[in-house]
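Keep the viewer open as you read.

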Amino acid sequence: PLTLQGQNTQTIVDGNNIGPSFLVTSDNVTINGFTIRNVENAPPPSNSLGQLAGIHMLTVHGSLVFNNTVENCGKGVWVYGGSDNQITNNTFSGNNYGVLLDSSSNNVVADNSAFGGWSGILLESSEGNTLRNNDMFNNAANFGVTGENPAFYRNNVDPSNRVDGKKVYYLISQSNLVIDSATYPDLGALVLVN
């Protein structure tokens, strides 16, 4: 296990647009208290081209990313092929993606704020993840889920998540519902699975 400890986001790691500030390839790594910025954000945050991440977690498990500010990166945190990681209490500003879970399962994404970019939080080909109390606003696409396998849509997302101040409703295997302003008030995003 390794802990990288900044001082309340006053410790700045600038990627200078040449590569990930943190590339994590081992399990049980904690990254806490940094401001991470300027990692491959050449295009404006108006498209999804940015590839490099401020924090790239590559096939890792049991790692923690919390109390960080990540700004002006292709991706804020990119978890690829990982599981059982926690991304909590971070601020993502001006990134093409705030948080991208890619081919990853059983991660927790909670209490984050993602704004001013292309996508706030995207779940891509990922399943069994839990999202709680995330605030996504002023992004081109605040929240999304994609994948070719129906299992990739089985995630635990509740209405404590918000897009532009309104609730995310993520409904799995529901039927005979009436979806209108009375039954689903303050609806910001609606995902219907199965």
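Predicted model: local features only at pLDDT ≥ 70, side-chain atom pairs only at ≥ 80, totals over all residues.

**Starting at the sheet**

Leucine 2 has valine 29 of β4 as its bridge partner. Residues are numbered from 1 along each chain as its sequence is written, and side-chain values use heavy atoms, with hydrogens and water left out.

Back to that strand pair. β1 (residues 2-5) and β4 run parallel and are joined by 4 bridges; two strands count as paired if DSSP finds at least two bridges between them. Glutamine 5 stands opposite asparagine 32 in β4. Asparagine 32 also has a bridge partner in β7, namely phenylalanine 66. β4 and β7 (residues 64-66) pair over 3 bridges, in the parallel sense.

Now look at how the side chains of β4 (residues 29-32) are arranged: Val29 and Ile31 point one way, Thr30 and Asn32 point the other way, and all are buried. Buried means under 20% relative accessible area, exposed means over 50%, and partly exposed is in between (1.4 Å probe, protein chains only).

Zoom out and you'll find 7 strands forming an open sheet with parallel pairing, in the order β1-β4-β7-β10-β13-β16-β19. β1 and β19 stand at the edges with a single partner strand each, so one side of each has no neighbour in the sheet.

**Into the core**

Which residues touch the most other members of the largest nonpolar core? In this set of 34 residues, they are Ile55, Met57, Val77, Ile87, Ile121 and Phe143. A nonpolar core is a set of buried Ala, Val, Leu, Ile, Met, Phe, Trp, Tyr and Cys residues joined through side-chain atoms within 4.5 Å. There is also a second, separate core of 5 residues, with Ala53, Trp78, Leu100 and Leu122 among them.

Setting aside neighbours within four places in sequence, valine 77 is in contact (heavy atoms within 4.5 Å) with Ile55, Met57, Val65, Ile87, Phe92, Gly98, Val99 and Leu100.

The structure has 3 salt bridges, each needing a side-chain nitrogen of Lys or Arg within 4 Å of a carboxyl oxygen of Asp or Glu. One joins arginine 37 to aspartate 14, with the closest N and O atoms 3.2 Å apart. Arginine 37 is in β5 (residues 34-39) and aspartate 14 in β2 (residues 11-14), so the pair ties together parts that are 23 residues apart in sequence. Arginine 37 is partly exposed at 27% relative accessibility, and aspartate 14 is partly exposed at 37%.

Another pairs arginine 132 with aspartate 158, the closest N and O atoms being 3.1 Å apart. This links distant parts of the chain, 26 residues apart: arginine 132 sits in β16 (residues 130-132), and aspartate 158 in the loop between β19 (156-157) and β20 (162-163).

Arginine 162 and aspartate 135 also meet in a salt bridge, at 3.9 Å from N to O. Here arginine 162 in β20 and aspartate 135 in β17 (residues 135-137) are 27 residues apart. Arginine 162 is partly exposed at 24%, and aspartate 135 is partly exposed at 22%.

Notes:
Helix = DSSP H or I, 4+ residues; strand = E, 2+ residues; numbered from the N terminus.
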